[in-house]
Amino acid sequence: SASAALSYDLDLAGANQRQLEALAAQVDYQGFQLQAARLNLVTQLALTAISQAQLSAQIRSTQQVIELQEAQLAITLKRLQAGAGTRQELLALQNQIDQLKSGLPALRSRWEQTRHLLAVLAGRPPSDPDMPVFQLADFSLPATLPLNVPSELLRKRPDVRAAEALLQAATAQYGAAEARRYPQLTLSASLGSQALTAASLFGSGSAVWGIGAQLTQPLLNPGLKPAAQAAAAGMEAARANYQYTVLQALRHVADLLRALEADGLAQQSARQAADSASELLRLVGEQYRLGAASYLQLLQAQQSSQLVEQASIDYQARRLANSVAFYQAMGGGMVP
């Protein structure tokens, strides 16, 4: 005998279809997880590069302040020897210099750490000599940033899309679990040949065929209802997770918008302070050239200007970092 059989399950209640939908949603979820990982990597690269640039500027500014204060210390020492200064003034200035110098090794160590982290994030060994060194001048802020963002743009975020995919998968799994509680219809057909000898196996009159249908009703399977209830609970958990993810995304973007607004105001104030310090330095410099101001006053004006510059460095780096975080919060795309 030789035969072939074929059977087909009619998906009357849609169990198979819903299961396929759940699997497709799981595939989407993994894809969004990959997008989130890539976006996070790019964000960490940018933030680390900005941190390195900030530390470079802080080290350079601290060294300049130390040089100015050392020059001021030398003048104070000469004034003390001439009887015009006090030892208390000298010790206070020396203490300031020592404190600044004690902070330099920590700044250099953090700079090296950011360099190593940047190399690892770029897929290179930490000691790679070809890693670039970033300066704050290498970065530029966007021309404009929105003060308000439409909420539908947040759907671009990979975490929101991933939570949505999980909700779709859980909903489809619940539908499949409910469908298994309904009757299932299976169609079957067979075609073959049967004979007493091999020579007449495929001859006329040896054909054998059959066709039939089977309808099954799961009456005595007590596990189907609890399975559907468990799937319903999973769907509710996925819905709550999706709602929480969306609310967290809204809060994240709202916080960053306010932070960007505050950064803009702070940087504007820092720029005004820097302009004032520069103007003061220019005036003291002119007075010094005319003999109306001492060299000590000139050094103090230069030191004040450097301190204002350090504050401006921090504001600039913070605004750059918050801008990067804002683009990550918006899913990595440019906001129209």
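Visitor: Are F326 and Y327 buried or exposed?
Guide: This is a predicted model. Buried means under 20% relative accessible area. In this model F326 falls in that class, and Y327 does too. Both residues are buried.

Visitor: How many aromatic pairs does the structure hold?
Guide: Two rings pair if their centres lie within 6.5 Å. By that cut-off, the number of aromatic pairs in the structure is two.

Visitor: What kind of pair do the rings of F134 and F139 make?
Guide: A pair of aromatic rings is described by the distance of the centres and the angle of the planes. For F134 and F139 the centres are 5.9 Å apart, and the planes stand at 35°. Planes under 30 degrees apart count as stacked and over 60 as edge-to-face.

Visitor: Which class of accessibility does F134 belong to?
Guide: F134 has a relative accessibility of 23%. Buried needs a value under 20%, and exposed needs one over 50%. F134 therefore counts as partly exposed.

Visitor: How many salt bridges are there?
Guide: Side chains of opposite charge can pair when their charged atoms come close. Here the cut-off is a nitrogen to oxygen distance within 4 Å. The count of salt bridges is ten.

Visitor: What is the relative accessibility of R157, which meets D159 in a salt bridge?
Guide: The side chains of R157 and D159 meet at 2.7 Å, N to O. D159 is partly exposed, with a relative accessible area of 30%. R157 counts as buried, because its relative accessibility is 9%.

Visitor: Where do E279 and R282 lie?
Guide: E279 and R282 form a salt bridge, with the closest N and O atoms 2.4 Å apart. They are three residues apart, about one turn of the helix. Both lie in helix 4 (residues 224–290).

Visitor: Which residues are linked with E279 in a network of salt bridges?
Guide: E279 is partly exposed, at 35% relative accessible area. The network of salt bridges links E279 with R282 and E286.

How values were computed: Residues are numbered from 1 along each chain as its sequence is written. This is a predicted model: local features need pLDDT of at least 70, side-chain atom pairs count only at pLDDT 80 or more; totals for chains, interfaces and linings use all residues. Side-chain values use heavy atoms; hydrogens and water are left out. Rings of Phe, Tyr and Trp (its six-membered ring) pair if their centres lie within 6.5 Å; planes under 30 degrees apart count as stacked, over 60 as edge-to-face and the rest as tilted. Buried means under 20% relative accessible area, exposed over 50%, partly exposed in between (1.4 Å probe, protein chains only). Helices (H or I, at least four residues) and strands (E, at least two) are DSSP runs, numbered from the N terminus.
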